[in-house]
Structure formats: C-alpha cells, structure tokens
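Here are my notes on the structure you sent. They are set out as numbered points, to be read beside the coordinates.

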Amino acid sequence: MYGLYINSVFLVTMLLYNFTQSQRLSMLFEMDYKLMIGLLAVMISSIAAMLYESWKRVTRGRDHGLPPGDMGWPLIGETLEFVSCAVSPRPESFMDRRRAMYGKVFKSHIFGSATIVSTDEEVNRYVFQSDAKTFVPSYPRSIMELMGKSSILLINGSLQRKIHGLVGAFFKSSQHKSQITVYMEKYIEEAMNSWKNGQLIHIQEVTKHIAFQVLVKSLINLNPGEDMQFLKKQFQEFNAGLMSLPIKLPGTRLYRSLQAREKMIKLIRKIIEERRRISEATYFTTPRDVLDVLLNDNGDQLTDDLILDNMIDMMIPGEDSVPVLMTLSVKYLSDCPLALKQLEEENMELHRQKARLGEQLDWNDYMSLSFTQNVITETLRMGNVIIGVMRKAMKRVEIKGYTIPKGWCVFMYFRSVHLDGNNYADPYKFNPWRWQDKDIGTCSFTAFGGGKRLCPGMDLARLETSIFLHQFVDRFRWVAEDDSIINFPTVRMKKRMPVRVHKKEEKNLNHLVETINKQSYRQ
Ligand code: HEM
C-alpha cells in the first residue's frame, strides 16, 4: 500500500511538471483523454492512499490496550468486506479470518462505527450483565429513527427493567400459554386444512402468516379480520424501512415507514380508548394481552405514548424471528431424516397417549417434548436467527485485559460462538442429540441474548415452534425442494422453503407408528 502511495505521488508530480513546462493551458485539452482519466485515477488513488496511511497512523496511535485488529479504510472501515462475507454462505468467514490473526476479540470499523467485535462468550457475558452506565443498546441509524423514544429496545435503567419484567412475566404465565396454545392450534389448522395432497407449500410464508396472528393476539388481542389485515400491511411497510438510508424526506423509504408507524399508532390508540370505555373490572383483573398488562400498571410511568411505542416496537423482534425459527427447523429436519423420525415418534407417542386419555394437548405437553425442544435449540444454534447484538460503551471499560474506549460499539457476534468447534463438536452438523442432558443456561448458547435484556418472548417462540412442528409431523409427510439459507440483512430462505406435502392417512399413520416403534433412532 505504501509503495502505491509513493508511486502515485511520483506520477502526479511528473505529470504536473510536464504540464507546467508546456506553458500552454490548451495542452491540457490536447492531451489524450485516456491519459486524463489515468491522471485522475492516479490522483484519486494517491489521495485515498494518503488518507489510508494517516488513518492507520491515527488508529495505531490510539491502540493502548485496544484489542488487535484492522480499522480498514477511512469512513467505510471494513464494512465492504463484512457485507461481502455476510451475503456468502459462510458469513462468519469475516470473523474466522480475524480470529485466526488476532484472537476471539478484535477491533474493526463497520457500519460507520469503531467497533470491538467479540466472539468470546466470557466477554459477551460480561457485556450482557453490565448496567446502562457501562453499555447501552446500539442499532443502525434507520432503526433508531423508526423506534419510539420510549421503546423497550432503546430505554435503559429502571423503566426498561419494569417493562421487561411485566412483559416477560405475562409471556411466561400459564394463563397466556394456555390461551395462545388454543389460538395457535386454530390458526395452524386453518392453514393446514386448505393444503391439498401433493401441493407445494412455502413454509416461510405460511409460518409468517401464523406467527403474525399469534403475535398480534398476544400484544393487543386482535383476531383475524380487517384490523389485522390493516396492521399487517402497515407493519410490512414499517419493517421495510428498518434497514434503509436514514433520510427522512417525503418519498424516501424511511419517511414511508414513519407514516406506516403513525397509522399503526392510530389503530392501537383507538383500541386503548375502547378498552377504557369498558368497565375496569372486566379487563383489568385478568390481562388478556400485553396491552392489558401495561394499562393495568398502577404507577404513573407507563403513559399512553410509552405503551403505544412499545406495542409497535415489540413487534420488531417478535415478527420475523419465530417464522424463521419454524422454517429453519423444517429445513434442518428435512436434511436429517434420523432427527425427523425421532421427532415424529416423540410427537406421535404424545398424540396416542392423549387420545387414550381422551384429553386435548395443553401448552405443558408441547413444552415437555424433550427431543422437539432439542431440535429447536439446535436450530437456533446453527441457524442463528439473530446473528448478534450491538452495545455502545458509555465509558472506558476493561474486560479480560482488553480496553473498550468510551463511545465505541461492541458487536457480540453469536454466530461465531455457536459455530466454534471448541464449544460444539462438529459445529456445522445438525445434531439435536448434543443437547441431551445439557444445561443451556451454563453453556455458550445465547440465541435469546442474556442478562437484563434476555428475550422476554423466548418461551412464546419455543411454544409456537413446538406446536407448529407437532401439527406438521402429525398430519403430513413432506418432500423438501432445493433451497438455501440467506443470512443478510436478515436470515431467511432464498425460495421461501418450498415443500410438497402429503397427508398422512389414518391407516398409513398407524403403520408408520409401528415402523417407528421397531427402530432405534439414537445416533
Ligand atoms: C426465535 C425467536 C426469537 C429470538 C431468536 C429472539 C432473540 C432475541 C435477542 C437475542 C434479544 C436480545 C437483544 C439485546 O440484547 O439487545 C431479544 C430481545 C427481545 N425480544 Fe426476542 N427473540 C425471539 C422472539 C421474540 C418474540 C416472539 C417476542 C415477542 C414480542 C420477542 C420480544 C423481545 C423483546 C421485547 C426484546 C427486548 C428486551 C429488552 O431489551 O429488554 N422476541 N430477542
């Protein structure tokens, strides 16, 4: 790089010297245009090289205690290389290369911020456990613009803890799980009843539709209908702006998303007003949804504006992640017949038991399917629905001998931790059996984050996925068409996971159960 810089300066000097010697301005125009372009290119590369060198000097000068690493080019840093790896089938290759050179924690400059990238579970645990005086959440500008000021995703301290506690407790409650199980079964049945034998189904689309209905039911108790359709349309418009240029002018993507947000706020405000008209005793005693939970709070911190912000912003982490988890489970199971067979057996055994007792399945039954839960955990480990999260350092922090300067971002990249051979043997192999008798809480598994911001929707996501897998294997056999996983900007299937479904006949079902019983599926 330094050689290019010297050469460029030399070339520019020579050309300028020739030009001044000619003493004729017109000579500039007589010069071959190719030479002009060449001259321009040399000048630009010369300036770029100078900037690069001074950037290096500046960043090297600041290195006291910083983890090793490369800040890349001025302004863009290493963003281009990060993105080119992110769109490849191995997004973690960006991290792998640097881990080999610098270790599990290194410095970089991505998406406009000086960043410490951590692929180290101990460092991540420390960051997760830190309070808001040390680290606060950090998101790309467009997301910040679209989120409400009082969004749980942005606020810190006691108010964040309060909302997190209220929402988490509601999602964990037996009452919510029972209610959502009934609705989930209903929405799945409606979708599956329309499937014809041999039909091609796009799992990603079906699960997106079902999970959105469940999410909206959990948040504002809305049933499928006109309002739900309206909300879905506006949320899609809103969502499209989350990864856009942060320009708020009429006509821009961000502007349209902000308008969609306003429309959603209007609808939810109307729902709040309607609830206030209903007698307090009816809706305040047993909350039906998160909205009731927040309205029910006796303190004066939870204003209507705060509740409105949160009703919309809680859809952001909840809307896409659950259908992706369901879709990836189907993908990995399709690629691993042994795991599919064992999952089928477990679910059909439960079905038979309940049929013998003449009982319906409840949420507890679904959550107690241990192999199915292991399939979900393994899908989260391999699929990395959320590749990682960002925090911003509010002060200079020392962790494990590394310095994180005030104002820098920390990017906790879960994907590398989850695909590290030292943490998980044969990490690229889908192996749900690895979770047998393993305590998820004590290992490096952080698909739902950790600490004070541990995902409050974690149980809901697991329950929904268990119910979907149960109903799917109970009623259908399928043949998956070729498809591949895309990881950037969000995780999804390239072709929306097409599968050809075949209804299980009652006779075939019994035969299949017998066959399954004769086999052992352990690996
Ligand atoms: C597969 C499904 C899901 C995954 C992988 C997932 C993952 C995560 C992760 C990693 C975080 C931590 C973010 C951080 O530390 O900055 C988080 C936070 C959060 N999740 Fe989930 N999530 C899922 C489903 C859901 C669902 C269904 C909801 C329901 C609304 C939900 C609501 C939230 C909320 C509100 C937060 C923010 C908590 C806070 O900052 O206090 N998530 N999620």
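**Notes on the predicted model**

1. Asp426 is placed in the loop between α20 and α21. The model is a predicted one, which should be kept in mind for the backbone point here: Asp426 is not a glycine, yet its phi is positive, at about 50°. Most residues other than glycine have a negative phi. Asp426 counts as exposed because 9 other C-beta atoms lie within 10 Å, and the limit for that class is 12 or fewer.

2. Met497 also deserves a look. Its phi is near 55°, a positive value in a residue other than glycine. Met497 sits in the loop between β11 and β12 (498–503).

3. The peptide bond from Phe488 to Pro489 is cis, and its omega is near 0°. Most peptide bonds are trans. Pro489 belongs to the loop between β10 (485–486) and β11 (492–493).

4. For the chain as a whole, the secondary structure amounts to 22 helices and twelve strands. The protein chain has 523 residues, of which buried residues make up 35%. Among contacts with a separation of 6 or more, 74% are between residues 24 or more positions apart.

5. Which residue carries the "binding site" feature in the UniProt record? The unreviewed UniProt entry places that feature at Cys455. Cys455 is found in the loop between α20 (414–418) and α21 (458–475). Cys455 has 19 other C-beta atoms within 10 Å and is therefore partly exposed; buried would need 20 or more. Apart from neighbours within four places in sequence, the contacts of Cys455 are Pro317, Phe448 and Gly449.

6. Cys455 is also one of the residues that come nearest to the ligand, together with Gly318, Ser321, Gly449 and Gly457, out of 23 residues around it. Two or more residues of this shell come from each of α8 (157–172), α16 (315–335) and α21. The largest contribution is that of α16, with five residues. By class, the shell around the ligand holds 16 nonpolar residues, six polar and one charged.

7. How do α16 and α19 lie relative to each other, parallel or perpendicular? The axes of α16 and α19 (residues 370–383) come within 9 Å and cross at roughly 100°. The two helices are therefore roughly perpendicular to each other. The contact of α16 with α19 is made up of eight nonpolar and three polar residues, with no charged ones. On the α16 side the residues are Leu325, Leu328, Ser329, Tyr332 and Leu333, and these meet Val375, Ile376, Thr379, Leu380, Met382 and Gly383 in α19.

8. Ile440 is another residue of the loop between α20 and α21. Ile440 counts as partly exposed because it has 16 C-beta neighbours inside 10 Å. Not counting residues up to four places away in sequence, Ile440 touches Thr377 and Phe445. The C-alpha atoms of Ile440 and Lys149 are separated by 34 Å, and the two residues are 291 residues apart along the chain.

Technical notes:
Residues numbered from 1 in each chain as written. Predicted model: local features only at pLDDT ≥ 70, side-chain atom pairs only at ≥ 80, totals over all residues. UniProt positions renumbered as here; feature names shortened; annotations may be inferred. Helix = DSSP H or I, 4+ residues; strand = E, 2+ residues; numbered from the N terminus. Contact = placed C-beta atoms within 7 Å. Near = placed C-beta within 6 Å. Nonpolar A, V, L, I, M, F, W, Y, C, P; charged D, E, K, R; others polar. Axes fitted to C-alpha atoms, helices over the stretch in contact; angles between N-to-C directions. Parallel < 35°, antiparallel > 145°, perpendicular 65-115°, else oblique.
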